Every structure is written in structure tokens, then in C-alpha cells.
Amino acid sequence: MFTKNELIQHLKDMGIMPDDTLLVHSSMKSIGEVEGGADTVLDAFMEYLSEGLLILPTHTWYSMSEYHNEYDPRMEPACVGILPNLFRKREGVLRSLHPTHSVAVYGKDSEAFIEGEENQPTPCSTSSCYTRLMERNGKILLLGVGHERNTFIHCVEEHLNVPERLTKEPTYFKIVMPNGHIKPSFVYRHDNPVTDHISENYTKLEQAFYDRNAAVKTRFGDASCILCETKGIFEVTKDVLSHQINCLIELDTIPKEWWQKK
């Protein structure tokens, strides 16, 4: 059974620094037995990143639709696991106002990091918090999950204008603002004519990220993890897609020479 101090040591061993900006995609069950359960896991992250910014996705894309279109960040549960749902309710944690791809944040510059998310026209636009993550040299920890959960790659695709990633028309949402007023929002959603789950194809880039030192394998508790550098993920993905913009959907495997530096 892992203790909080042991989990903090695992974060240190990864090379994560207390002043880092860190986005965590997580599978709680992959960590194994923890003294105090999921709350202890959150305690470890929040205590260790005392000088930085901790970010957990609190996405609602599964529940939000044209039929259920009122997004109240105080009430709407996240569809991405137990840790985000516990984290978003903690004292001092703020949740962004994006109706389908919100995040919860704690720490340095948290308000500025999520400012304006209610105005984003797409899930991971070039002016969204996912771009701010890269601008801050942020890191991404895939904790017990793979790149199929790496939402940042959606943002990279938006930067690169990859075709066939969004719906032809936006969905109308109603965002419950902090003052209780309703803000209309029109957001294009992820969509592709070939696959229902675009991100399942991101695993095709895994070896490219390792080879270019954009990601490393590590561990947290019993969980196999991948620690990513956002700028490296962006550059590798850009280099690969420069050969064939929609190759992640169109090809079963990516030629190795497409990411190798000459």
C-alpha cells in the first residue's frame, strides 16, 4: 500500500519540479492500493506542486449535447474519472467554463490560466488553455493511460489545421456563469467521418515521442506512466503531419523516417 510520502517521492523521481505546470490524465485504479485512497493521491500532487500549477481535465463531452446543453461548472460531473471529480470540488480549485472540455486548476496563476474559456469556439482552440499549457513549457503526465487520452494533441491538430476534425455546425450551449447569468455559447465538437474516436489514433505517435525525447516512460505507484513535454509533443506531431496531414487516420503505422531528424 502506497503512502502520500511515497507518491511524492515518485513525482520527484520523475523529474517533475514543484514549480512546474502539470496536466494529469489519470486512471486511479492503475495506481494500486493507496493509504487514504484517491484523496491521498490528490494530496500528494497538490502538496508537491506547491509553487506550480496542477491541472486535471474535467471534460463533459460525453454528457453535454444539444439535448443536455446547460453547463453548470459547479454541478456537472466530469466524464474522465474519479480524481477529476474529487479535485474539482476541493477548496481553492477553480474550474474553467468551457462546456465540453473544461479543466480544473490549483496553484500559481490559476485564474489567468482558465480565463476566457467560455469564449472558445472549439474544444482545444489555438487560444485555449491547452495552448497556454505549451506557452508555459507545461508537462503532461499520462498516469496509467496512453496517448489516446492526451487531449493536448487535439490542440496541436487545431494549430496545424488538420481537416475533418470538427463538426460542420456548432452546438448551442448555455453556460452558467459565476454570477448565475446564462451565457450563450456555440462550440464545434470533435467529429470525423471515419472514426468516432479520433484520439484513439494518437497512440501511433508513441514511439516517435520517445525517439525524439518528447516523452519518457515512468511510474507512479503501480501505474505505468508517460511524462510528456508539451513543446516536444507539438514539434514531433508537426513534423510527422507535414508529410501527410491526415496520416493518423489514413495510415495504420507511421513511417519512422517521418520523425527522425537528419
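Which hand does the crossing of H1 and H3 have, right-handed or left-handed? Keep that in mind while we get our bearings; the tour comes back to it.

**Start with the whole thing**

What you have open is a predicted model. Show it as a cartoon and you'll find 10 helices and 10 strands. Along its principal axes, the C-alpha trace spans about 50 × 45 × 30 Å. A compact globule of 262 residues would have a radius of gyration near 18 Å, and the protein has 18 Å, so the two agree.

**Stop one: the sheet of 7 strands**

Now pick out the open sheet of 7 strands. Going across, the order is E4-E5-E2-E1-E6-E10-E9, and the pairing is mixed. Strands of a sheet pair through backbone hydrogen bonds, either parallel or antiparallel. To see where this sheet ends, select 94-95 for strand E4 and 215-220 for strand E9: these are the edge strands, each pairing on one side only.

E9 and E10 run antiparallel and are joined by 6 bridges.

Select residues 4-14 next. This is helix H1, packed on the sheet and touching strand E6 (139-143), E9 and E10. The direction of H1 makes about 165° with that of E9.

Then select residues 38-48, helix H3. H3 lies across strand E1 (21-26), strand E2 (53-57), strand E5 (103-107), E6 and E9. Compared with E2, H3 runs at about 140°.

**Stop three: H1 meets H3**

Keep both helices on screen, and here's the answer to the opening question: the crossing of H1 and H3 is right-handed. Two packed helices are described by the angle between their axes and the distance between the axes. For H1 and H3, the angle is about 50° and the axes are 9 Å apart, which makes H1 oblique to H3.

From H1 come Lys4, Leu7, Ile8, Leu11 and Lys12, and they meet Thr40, Val41, Asp43, Ala44, Phe45, Glu47 and Tyr48 in H3. Colour this contact by class and you get 7 nonpolar, 1 polar and 4 charged residues.

**Stop four: H7 meets H9**

Hide those and select 152-159 for helix H7, plus 230-241 for helix H9. They pack at an angle of about 50°, with axes 10 Å apart, so H7 is oblique to H9. The crossing of H7 and H9 is right-handed.

Which residues make the contact? Look for Phe152, Ile153, Val156 and His159 on H7, and for Thr230, Ile233, Phe234 and Thr237 on H9. By class, the contact of H7 with H9 has 5 nonpolar and 3 polar residues, and no charged ones.

**Last stop: the sheet of 3 strands**

Finish with the open sheet ordered E3-E7-E8, where 3 strands come together with mixed pairing. Its edge strands are strand E3 (70-71) and strand E8 (182-187), each pairing on one side only. Select residues 171-176 to bring up strand E7, which runs parallel to E3 and is joined to E3 by 2 bridges.

Notes: Residues numbered from 1 in each chain as written. Predicted model: local features only at pLDDT ≥ 70, side-chain atom pairs only at ≥ 80, totals over all residues. Heavy atoms only, no water. Axes fitted to C-alpha atoms, helices over the stretch in contact; angles between N-to-C directions. Helix = DSSP H or I, 4+ residues; strand = E, 2+ residues; numbered from the N terminus. Parallel < 35°, antiparallel > 145°, perpendicular 65-115°, else oblique. Left-handed = near helix turned anticlockwise from the far one by under 90°. Contact = heavy atoms within 4.5 Å. Nonpolar A, V, L, I, M, F, W, Y, C, P; charged D, E, K, R; others polar. Pairing = 2+ DSSP bridges. Rg over C-alpha atoms; globule rule 2.2 N^0.38 Å.
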